[in-house]
Amino acid sequence: MVVACGPSRPRRRADAAFLLAAQLAAAWCCNCLTPLWQVAAILGAAAQDTSLITTPVAAASPQPLFQLRRHRLRRAALAAAAVASSGLLGVLLFATARPFSASPPPPLGPAVAEGRYFALPGTPRCPYVAGTRVHAGVAVSALGGETVAERLRRKRSRLGGGTAVAAKDGRAVEDEVRAELAAAVDAVAGKVAAQLAVDVPDAEDRDRQRLACYLAIHGANAMANLTDQVWLYRVDHTAYVGATVPNVRPGPSRIPGCRRRYKLAYQILVHGDSKLAANLKQLLDELDDGTAVFLVHVDKRHAKLRAAVDDVVRRRDARMQKQRAEVRRLVLTSAVGYPADDENASEKLVLQENGGSGGGTPGYDDGETGDNDDVPGNVFLSQTPLRGQWGHVSLVRIQLSGYWELLDLADWDHVINLSVFDYPLRRSAEIQRLLGLPANRGKSWIDTWEPQDELVERLSRPRLSHQQHGVFGQRQMASPQSCGALASPLPRWRVVKHHQWMTLARDFVEFLRHDDQAATAFAHFEWGWIVDESFIGTVAVNSGQFADRLGPGGARRFVHFSDDNAAHAAFVDDSWVCLIGEDDAGGDDNTTGAPSDDPRYMFVRKVDGRSDGGARWV
C-alpha cells in the first residue's frame, strides 16, 4: 500500500471547498446574529464528516486510524480558520444587508420612545395648541395611517453618523414630524371652521374657531376625522386655558408693601342694572369687618353698573382711610403728648421725624394705623372683566379668572363665591372660625350629586354662543348637529353635578390654575352646556389629593327650588325663617358633637335686599 506524504490535488480542492463553505456558513450565521456556539457546532459536524476525505487509495481499502485522525485534525483547523476569517466577511454582509448603519439611533424623548405622547406646536390658526400632547400610538390619517411613533422610527432609520450627529439629526426628525402634524391640524381646523360657519352661522366667530381647533386635536370626531381614537392626551394649561381665561399666569399683587394675609377671600359676581350696586353695598356692610379680601367682578357689558360699583368701592376706601387716619391721630396724641383735639398732630409728627428725632420712617404704613392715602382697602374691582352668558362656559371663565386674581392679591385659606343675591347667616369672623375647625381645615365644600342622563348629553354635544348679546340668561346656544357626540379625553373620570356656589381651599384653586389634567377637562367641558354646575366638582372628585377633602353637607348655604325641574333657585323671604332654622339646627355634628358648634348653613340664597322688608329678617 502506498502512503502519500501530503494531501493530493483532489484533497486540496476538497479542503478549499470546505474552507469556503465554512466561511460562508459562519458569515451567514453572523449576519443572522446566531450565537458562536451554533457556528462551532455546524463546523464541528462538518469536520467529523469523513465522507469528504478522498485519497487515491481510499476507494480500495480503509484508511489507517492515524490518517483519519490527521484528516479530522486538519479539517478542525480549517474550521477554526473559517470562524476567524469569516468575521470580516460577516461584518461586510451584515452591513450591506441592513439599510441603516450600526451607529446608535438618535434618541427620542422618553414618552415618545415608549410610544406614548408627542408635543404639538402652535399653528397659525390654533396658536394655543402649543404644548398639547397627543397619543403617539394612535394612527393619524394625515400621516398615511401611520402613528407618530412609527413615522419617527421610519425617518430615524435613514440617519447615520456618530452619536452627536445622530442626536442632532434625531431632533431634526422630531421637528420635521412636528411640522407635518402642525400643517395637518391647521388644515383640519380650517376645514372644520368652514363647515361650522355653514352649520351655525349665528354662532360667535371666536367660538367657532376655537371649537374647530379642539376638534382637530381631539381627532376622533365626525367633523375632523383625523384619527380613529381620541388623539388628545393633555393640553398645556398656560397656552390653552390662558387664551380665554385671564390670570392663568401668576402675577404680582396690586397691593403695595408687604404681602397681606387673610383667612378668607370672597369673589362677588354682579351683572344687571346699576341698582344692584345697592345690594352689593348691603352685602359688603354685613361681611366686611376688615379680616377678609373681596374681589368684585362686574359683567363686561354693564358699564353703568360697573361705574356704580366703582363708586361704592371708592366711598368705602375713603371712609376706611379716614378711620385709619383718626386712629393714628389718637395713637400719636396719646404717645407724644399733643392735645387730643389737635387735628394737625400727624403732620407735626412727620416734621419731627424728618428732623431725625422721631426714629421712624415718614409715610410708613403698617397696614392698620397708617395715614398713607395711597394704601388700598380690602375691596377690589376685577381688572379683567369678562362677558358672561347663562349656560355658557364663560361663567366658568369668570369664576376661574377671579379665583386666580385673588391668588395674586393676597394670601388666604378659603375662597367663597357669592352673588349679590346671597346673604350671610353669620358674620365673617364666625365663618372663619367654622372653616378653621380641626375637622374642616383644608377642605372644600361643593354640593355634588350623581348626574342624570341629561348631563351626559350636555357634555357630549358641543354648543356655541350666539353673536347677538341679549339679556343675561336669555341667549340661546347653537349646537352644530354635524359634529356628533364627543368622547372625553379623560375616559376614566366620573362626572358629577353641583351648584355654581361653593367654598374652595386655596391649594385646590392653585391646582386648577397649574394642572394640565384639569386644563384638559376644561378643554372638553368648554363645549358643554351649564358647565359651571359640573366642571369644578368633577375635577375635585377625580383628583386623588382632593377627592377625600370635600366637606360633608354640601356648599353650606340654604338654596330653595320651587320644584325638581326648576332651572333657577327661588327667592326666599321671612316665611322661610322657621324652615331655615330647623334645618340649620339639625345640621351635621362636628367633632364636639354639638350641632350649633358647626352649623349647616353659612349663607342663604336668594335674597333681594331691594324688596319690601329687604334682608332684615335674616
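Buried means under 20% relative accessible area, exposed over 50%, and partly exposed in between (1.4 Å probe, protein chains only). The model is predicted, with local features needing pLDDT of at least 70, side-chain atom pairs counting only at pLDDT 80 or more, and totals for chains, interfaces and linings using all residues. Residues are numbered from 1 along each chain as its sequence is written, and side-chain values use heavy atoms, with hydrogens and water left out.

**Exercise 1.** Classify the ring pair of Trp-390 and Trp-529, and state whether Trp-529 is buried, exposed or partly exposed.

*Solution.* Rings of Phe, Tyr and Trp (its six-membered ring) pair if their centres lie within 6.5 Å, and planes under 30 degrees apart count as stacked, over 60 as edge-to-face and the rest as tilted. The whole structure holds 9 aromatic pairs by this search. For Trp-390 and Trp-529 the centres are 6.1 Å apart and the planes stand at 90°, so this pair is edge-to-face. Trp-529, with a relative accessible area of 24%, is partly exposed, and Trp-390, at 22%, also counts as partly exposed.

**Exercise 2.** Classify the pair of Phe-508 and Phe-511, and find the cluster to which ring pairs link them.

*Solution.* The ring centres of Phe-508 and Phe-511 lie 6.4 Å apart with planes at 15°, so the pair is stacked. Relative accessibility is 1% for Phe-508, which counts as buried, and 13% for Phe-511, which counts as buried. Ring pairs join Phe-508, Phe-511 and Phe-546 into a cluster.
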